[in-house]
Each structure stands twice: as structure tokens, then as C-alpha cells.
Amino acid sequence: MSYFAGIKELPPDPLFGLKARFVADPRSDKVDLGIGAYRDNSGKPWILPAVRLAEAQLVKSPTYNHEYLSISGFEPFLNTASKVILGENSKALKEKRVVSQQSLSGTGALHVAGVFLKEFYTGEKTIYLSKPTWANHQQIFNTIGFKVDSYPYWNNDTKSLDLNGFLSTIKSAPSGSIFLLHACAHNPTGLDPTQEQWKQILKELDAKKHLVLFDSAYQGFASGDLDKDAFSIRYAIDENVLSTPVIICQSFAKNCGMYGERVGAIHVIPSPEANEPLNRAVKSQLNKIIRSEISNPPAYGSKIVSTILNDRALRQQWEADLVTMSSRIIKMRHKLQDLLVELGTPGTWDHIVNQTGMFSFTGLTPEMVARLEKTHGVYLVSSGRASVAGLNDGNVEKVAKAFDEVVRF
Ligand code: LMR
């Protein structure tokens with residue numbers, strides 16, 4: 001008898017499988033535009049200067065050790081991480097309406113949110129994801145047992161936001177559904193609503209009493225400015241636009257370049273009014289989920305990020321590092337677009353510079369992407385998403401010529 005009858009081997013993960021193929025490729029001029037991880041202008045992983053300084057400071061401290069954190073995580077990290085996302089003067093923080101829990105980066109926060117909502121949310125347990133979205137969103141919520149649906153987001157013909165489609169799905173979804181929103185630097189399209197569009201979207205979400213779950217994985221990557229990139233969240237909460245609970249999943253993987261350290265948090269605002277007993281209950285349930293899943297959160301990364309956030313000079317350095325990263329990406333967007341225009345590559349390429357954050361949704365078809373990989377050693381996700389952070393002065397011409405070739409093929 002087989003105890004695992006019916007189990008099927010799954011294909012490799014689209015992103016990590018792509019990375020494995022890239023690593024195995026012997027071509028010396030191969031280019032990785034796959035996983036969203038920042039690279040410097042020589043194509044190397046970049047340890048942020050703020051992180052290097054914080055690490056040096058941390059290990060010198062007489063209290064430095066590798067003891068367990070509490071189940072909630074590192075309190076100095078949580079206290080400042082919540083201010084990074086909600087703002088120094090956040091009303092919700094002042095009114096003690098925010099319950100924060102350290103998580104295994106953004107993915108861990110989303111998973112904890114899902115488990116929590118599955119058990120306690122009394123609304124409609126269908127989660128709406130943007131179409132398209134980060135591939136893992138679907139998988140996280142399917143695994144937990146949610147019904148997953150989608151809302152239109154990207155209009156492929158106009159390469160712009162399908163606002164009407166988005167709003168009409170908000171209106172037609174059963175009241176009290178869950179909507180997952182990318183706070184900024186939408187993955188994979190690099191297309192964010194304007195501030196006016198955000199206002200419309202949030203107003204409609206509230207009208208239908210949907211629960212909003214923000215995924216904030218790229219704060220600082222869209223504009224280089226932490227405050228600007230938090231507009232959607234702060235507007236929703238500070239202006240009391242949402243009368244429903246709000247959940248924020250916050251990652252420091254990208255904006256601190258701490259990818260493998262899994263630094264993040266989940267912030268739950270259970271109600272628009274202060275409600276101390278409810279907050280305590282929510283906190284205890286989040287603690288229980290964390291304790292049963294990972295016992296207590298990892299310490300090292302959160303101590304580094306906390307060192308940065310709680311030191312004026314390091315914080316300034318970090319903000320400068322964010323500008324270094326976001327401006328290099330913007331420069332590469334322009335360079336790629338200029339080269340494609342120079343080559344007369346069929347199609348329009350303005351969207352590459354109009355999109356924001358780490359990614360460009362190039363519009364290349366899966367067949368073109370397959371040819372890019374096979375013939376040119378240029379690796380992109382099959383949806384046509386390119387991590388612009390993988391471009392540099394040394395490879396952008398090769399990439400433009402490769403794009404040109406596959407488009408004409
Ligand atoms: C990506 O979308 O490339 C990143 O968020 C990496 C990941 O974990 O999928």
C-alpha cells in the first residue's frame with residue numbers, strides 16, 4: 001500500500017526554477033532578469049552601506065547575542081517598522097489601534113494573515129488578487145484553503161491600468177470579500193494607480209465593506225521616497241477611508257537588500273476605533289500562529305534593520321541607499337528604451353520608462369521569452385516580466401539587441 005497514493009511531482013517554481021537554469025547556464029555573457037533582487041552596475045548583489053554599518057555596530061554591542069526573541073519579535077524593530085509604513089505621525093499608531101507581529105518577511109506575513117483570516121474572519125472568505133499578480137500570492141492563499149478570485153488590473157492593449165474593470169469587480173464581489181492590494185511598485189507590471197485612482201479604489205472598497213490586505217514589498221523602490229510609496233496605505237488609514245479592518249504585510253527584503261534574512265512584519269488594524277480588548281485578542285492569536293509555525297521570529301535581520309531605523313545617521317544612509325537603487329533602475333529603464341527605439345524594434349517601448357519599481361512588464365510573449373533564454377542567455381519570467389535591476393551598463397546593449405531579435409523573429 002502506498003501512503004502517498006496520487007502524489008504528483010510538481011514543476012519547479014517559476015522564479016526559483018528560472019534561477020536554477022540561469023546558474024546552470026555556462027554562457028559567460030548570460031543575463032539574469034528573473035528574480036527581483038537588486039544588482040549593482042557590475043551585476044553583483046549589493047549589501048547596502050547602511051546595512052554594513054549597522055552590522056558593524058551590532059556585533060560590537062555588549063548586548064549582542066543569538067538568544068531567542070519573544071514570540072512577537074524584536075520590539076525595537078516592530079515599533080519603528082510600523083512607523084516606516086504608517087508614518088511618524090500616524091493617527092492609528094497614536095491611538096494604539098495597530099497590532100504588530102514580526103514575520104518571515106512578506107511571504108510569512110501573508111501566510112500568517114491568511115491563517116488568521118481563515119480562522120477568525122466572519123466576512124466572505126474569498127480573496128481577490130490582481131490579474132496578473134506575484135505568482136506566490138495564489139499559492140499562499142490556495143494552500144491555506146481560500147477561494148481565490150481575481151480583479152482586472154492590467155490592460156494589455158493600452159499597457160495601462162484597467163480601472164473600470166477593477167472598480168466593477170469591487171462592486172460585483174460579495175460584500176465583505178478580501179482584496180489584496182500591492183501598496184506600490186506592483187509586481188509584475190510595475191504599474192501603480194495614481195493617487196486619484198487610489199482614492200477612487202479605496203472609496204469603492206469601503207462602500208462594499210471589503211477587507212483590505214496590503215502587500216508592501218517595495219516601499220522606497222517606486223519613487224525612492226518611503227513616504228510617497230506608502231501613500232495608498234496612509235491615505236486609507238489616516239483619512240479613515242476604510243471602516244473595515246486593514247492588514248499590512250511588510251517586507252524589508254528588497255528595500256534593505258536583506259533578501260535571505262527574512263525580515264518583515266504583519267500589522268493588523270482590527271477596527272477603526274481603539275479597542276484594547278480586541279487588539280489584545282488579535283495579538284494573542286497572531287502569537288499562537290507564530291509559535292506553532294516558527295516558534296519565534298529570526299533575530300539577526302530584524303536587529304540589523306532595527307539598528308538602521310533607530311539611528312539617525314544610519315537611517316539617512318538607508319534613505320540615500322534607496323535613492324541609489326531606485327535611480328539606477330530608472331536610468332536602466334531609459335537606456336533600454338533608448339536602445340530599442342534606436343534599433344527601430346517593432347512596437348512601442350514607452351511603458352518601460354513609465355512603469356515603476358523593480359520590474360518592467362515588457363509585453364514580450366512567452367515564445368519570445370523562451371527564445372531570449374535559449375538563443376541569447378537572457379532570462380526573464382515567461383509572463384514577460386523583467387527585473388530591471390539585472391540590467392547594467394555592461395549588458396543593456398546585449399539585452400536590447402536580444403529583445404530586438406526575438407521581436408522580429
Ligand atoms: C520576485 O517576485 O522576483 C521576488 O518577490 C522573489 C520571490 O520571492 O518570488
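Of the 409 residues in the protein chain, 46% count as buried; a residue is buried if 20 or more other C-beta atoms lie within 10 Å of its own, exposed if 12 or fewer, and partly exposed in between, with C-beta atoms placed from the backbone. This is a predicted model, in which local features need pLDDT of at least 70, side-chain atom pairs count only at pLDDT 80 or more, and totals for chains, interfaces and linings use all residues. Residues are numbered from 1 along each chain as its sequence is written.

Confidence next. The protein chain averages a pLDDT of 96, and 100% of the residues score at least 70; pLDDT is the predictor's confidence in each residue, from 0 to 100. The model has an ipTM of 0.92 and a pTM of 0.96.

Now the overall form. The C-alpha trace spans about 65 × 60 × 55 Å along its principal axes. There are 16 helices and 13 strands, these being DSSP runs (helices H or I, at least four residues; strands E, at least two) numbered from the N terminus.

On to the domains. The chain divides into domain 1 (14-46 + 327-408) and domain 2 (68-310), with bounds from an automatic or database domain assignment. Their C-alpha centres lie 29 Å apart. Domain 1 gives 19 residues to the contact and domain 2 gives 19 residues; two residues are in contact if their C-beta atoms, placed from the backbone, lie within 7 Å. On the side of domain 1 that touches domain 2, helix H1 (14-24) and strand S11 (359-361) each supply at least two residues. The largest share of that side, 3 residues, comes from S11.

Which residues are around the ligand? They are Leu15, Ile35, Gly36, Trp134, Asn136 and Asn187, where near means a C-beta atom, placed from the backbone, within 6 Å. Domain 1 and domain 2 each provide at least three residues of this shell.

Is Ala207 buried or exposed? Ala207 counts as exposed because it has 12 C-beta neighbours inside 10 Å. Ala207 and Lys171 are 36 residues apart in sequence, and their C-alpha atoms are 8.4 Å apart in space.
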